[in-house]
Amino acid sequence: IANYENQLPRIANEVKVNYAGMEKAFLVGRDYPANYSNNRTRKFTVILNEGKPSRYNLLKEWILDNDELQDGLEIYGKWDEKYTESDDRFKGSIHIDEVQNIMKDTRYTFIIPIKDGWVTSKYIEMIYAGVIPFFHPSYDKQRHLSIPEILRVNSKEELQNMIEVFENDEEMRKKFVKELQRHLIKPEDLTGEILSTTIMSGIVGLNNA
């Protein structure tokens, strides 16, 4: 609007919207990870809240009913009691710092988006912890993230096959984690420089529109 007293007609400004990787705000103020070579006792852990609509059916299809992933499997997050009261794989909600502690002892995880096509901060949280994250086909459909395509699995069989590849070569797994961190975590992410520049350039662009 022109001003409070003169609200009609509306003044239209077109603002171009681009993906800016704001999920990396998680990294600001943190040290560069030095955990890629850690030996890890947990094979597979999932950090996932139920969400609305519920993601239980997807979790059940890909993880809970996947016999190959049951050894030591734990699910952390907030879920309806009807799913958790008789399933001790569900461990409840934990603080973000505890998430990092658990995942620093985990080799693999699986990420389901909040809604079809969305990106979340979960991927960078897991990579920071030194975990290899695999992605449900509906995660990041627009291919905003420059992650290796082998992490974008199309079936639970493909998920299991990829895990077996890494399990059969521990040094390859560690090298892969190191390269993920090198490729996706930059010093400018940790200092907040990229985040600040992105926000300020957006503000300047809006003011110049």
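1. Two strands are taken to pair if DSSP finds at least two bridges between them. In this predicted model, strand E1 (residues 42–47) and strand E2 (residues 74–76) pair in the parallel sense, and three bridges connect them. Within this pairing, Thr45 stands opposite Glu74 of E2.

2. The overall composition may be set out next. The protein contains eight helices and five strands. Read from the N terminus, its elements follow the order β-α-β-α-β-α-β-α-β-α-α-α-α. Its C-alpha atoms fill a box of roughly 65 × 40 × 30 Å along the principal axes. Of the 209 residues in the protein, 41% are buried. Among contacts with a separation of 6 or more, 70% are between residues 24 or more positions apart.

3. The five strands make up an open sheet in the order E3-E2-E1-E4-E5, with parallel pairing. Strand E3 (90–92) and strand E5 (132–135) are the edge strands, each pairing on one side only. From one strand to the next, the twist averages 30 degrees. Helix H3 (residues 96–103) lies across E1, E2 and E4, and runs at about 155 degrees to E1.

4. E4 and E5 run parallel and are joined by four bridges; Thr109 has Pro133 in E5 as its bridge partner. In a regular strand, side chains alternate between the two faces of the sheet. Both faces of E5 are covered: Ile132 and Phe134 are buried on one side, and Pro133 and Phe135 are buried on the other.

5. In soluble globular proteins, nonpolar side chains tend to be buried together. For Phe110, leaving aside neighbours within four places in sequence, the contacts are Phe44, Val46, Trp62, Ile63, Phe134, Phe135, His136, Val153 and Leu159.

6. Aromatic pairs are counted where the ring centres of Phe, Tyr or Trp lie within 6.5 Å. By this rule there are ten aromatic pairs. One of them joins Tyr56 and Tyr83, whose rings are stacked at 3.9 Å centre to centre with 10 degrees between the planes. Tyr56 belongs to helix H1 (residues 56–64) and Tyr83 to helix H2 (residues 81–84), so this pair ties together parts that are 27 residues apart in sequence. Tyr56 and Tyr83 are both buried. Together with Trp79 and Phe90, these two tyrosines form one aromatic cluster.

7. A further aromatic pair is formed by Tyr108 and Phe166. Their ring centres are 6.4 Å apart and their planes stand at 40 degrees, so the pair is tilted. Tyr108 and Phe166 are both buried.

8. Arg30 is placed over two aromatic rings. Its charged end sits over the ring of Phe26, 4.0 Å from the centre of that ring. Arg30 also lies over the face of Tyr128, at 5.7 Å from the ring centre.

Conventions. Residues numbered from 1 in each chain as written. Predicted model: local features only at pLDDT ≥ 70, side-chain atom pairs only at ≥ 80, totals over all residues. Heavy atoms only, no water. Phe/Tyr/Trp six-rings, centres within 6.5 Å; stacked < 30°, edge-to-face > 60°. Helix = DSSP H or I, 4+ residues; strand = E, 2+ residues; numbered from the N terminus. Buried < 20%, exposed > 50% of the residue type's maximum accessible area, 1.4 Å probe, protein only. Lys NZ or Arg CZ within 6 Å of the ring centre and 35° of its normal. Axes fitted to C-alpha atoms, helices over the stretch in contact; angles between N-to-C directions. Contact = heavy atoms within 4.5 Å.
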